[in-house]
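Hi there,

Here is the structure I promised to pass on to you. Please open it alongside this email, and my notes will follow below.

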Amino acid sequence: MYEPIRTKSVHSMADEAQYPHRSREEELDIQLAGHLAALLAVTDELGLDQAAQAIAEQVSRLRGAPPARHAGLSGADPATLHRRAHALAGRALVVAASRADTAAAILSAERMDAHTAALGNQQLVGAP
C-alpha cells in the first residue's frame with residue numbers, strides 16, 4: 001500500500017565531518033582576542049601608546065598575527081572612552097580568568113585600574 005522511501009531525507013542529521021569543531025579553549029581564545037582588540041582600539045584613541053603596545057602583544061599572541069590598529073576616531077570625550085575601556089577590560093578579565101591566562105588577566109586588571117584612576121582624576125577636576 002505504501003511505497004518505500006527511495007531518497008535520503010532532507011531532515012537527517014548533518015554528518016560530523018561537514019563542519020569544523022572548535023574546542024572550548026579555542027573559543028575562549030577567540031573571545032579574549034576580540035575583547036582585547038576592542039580595548040586596543042579605545043586605548044589607541046586615548047593616545048596611551050605604552051598600554052596599547054602591551055595589549056597589541058597579547059592580541060598577537062592569541063591570534064598568531066599582529067592586530068589591525070584603530071584608524072578612525074569616534075570623537076567621544078575622554079571620560080566616555082575611559083568608561084568604555086574599563087568595561088572592555090572587565091570583559092577581557094572575565095574571559096582570561098576562565099581560560100586561566102595569567103598574562104591577559106594581569107594586563108586586563110591593570111587596565112581596569114588605570115581607567116578607574118583616570119575617571120577618578122577627571123571627576124576631581126570637575127570634568128564630566
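Predicted model: local features only at pLDDT ≥ 70, side-chain atom pairs only at ≥ 80, totals over all residues.

**The H1 and H3 pair**

Two packed helices are described by the angle between their axes and the distance between the axes. For helix H1 (residues 24-46) and helix H3 (residues 78-98), the axes come within 9 Å and cross at roughly 160°. Angles over 145 degrees count as roughly antiparallel, and H1 and H3 are therefore roughly antiparallel to each other. The crossing of H1 past H3 is left-handed.

On the H1 side, the residues in contact include Leu 28, Leu 32, His 35, Leu 39 and Val 42. Among their counterparts in H3 are Leu 81, Ala 85, Leu 88, Ala 92 and Val 95. Sorted by class, this contact has 15 nonpolar, 4 polar and 4 charged residues.

**Salt bridges**

How many salt bridges does a search of the whole structure find? The search turns up 5, and three of them are described here.

- Asp 29 and Arg 99 meet through their side chains at 2.4 Å, N to O. This pair links distant parts of the chain, with Asp 29 in helix H1 and Arg 99 in the loop between H3 and H4, 70 residues apart. Asp 29 is partly exposed because its relative accessibility is 21%, and Arg 99 counts as partly exposed at 23%.
- Arg 69 forms a salt bridge with Asp 44, and their closest N and O atoms are 2.8 Å apart. Arg 69 sits in the loop between helix H2 (49-63) and H3, while Asp 44 belongs to helix H1, so this pair ties together parts that are 25 residues apart in sequence. With a relative accessible area of 41%, Arg 69 is partly exposed.
- Arg 61 pairs with Asp 101 in a salt bridge, the closest N and O atoms being 2.6 Å apart. Arg 61 is in helix H2 and Asp 101 in the loop between H3 and H4, so parts that are 40 residues apart in sequence are tied together. Arg 61 is partly exposed, with a relative accessible area of 42%, whereas Asp 101 counts as buried at 7% relative accessibility. Salt bridges that share partners join Asp 29, Arg 61, Arg 99 and Asp 101 into one network.

**A glycine in H4**

Gly 120 lies in helix H4 (residues 102-124) and counts as partly exposed at 27% relative accessibility. Gly 120 and Ala 79 are 41 residues apart in sequence, and their C-alpha atoms are 9.7 Å apart in space.

Best wishes

Terms used. Residues numbered from 1 in each chain as written. Heavy atoms only, no water. Axes fitted to C-alpha atoms, helices over the stretch in contact; angles between N-to-C directions. Helix = DSSP H or I, 4+ residues; strand = E, 2+ residues; numbered from the N terminus. Parallel < 35°, antiparallel > 145°, perpendicular 65-115°, else oblique. Left-handed = near helix turned anticlockwise from the far one by under 90°. Contact = heavy atoms within 4.5 Å. Nonpolar A, V, L, I, M, F, W, Y, C, P; charged D, E, K, R; others polar. Buried < 20%, exposed > 50% of the residue type's maximum accessible area, 1.4 Å probe, protein only. Salt bridge = Lys/Arg side-chain N within 4 Å of Asp/Glu carboxyl O.
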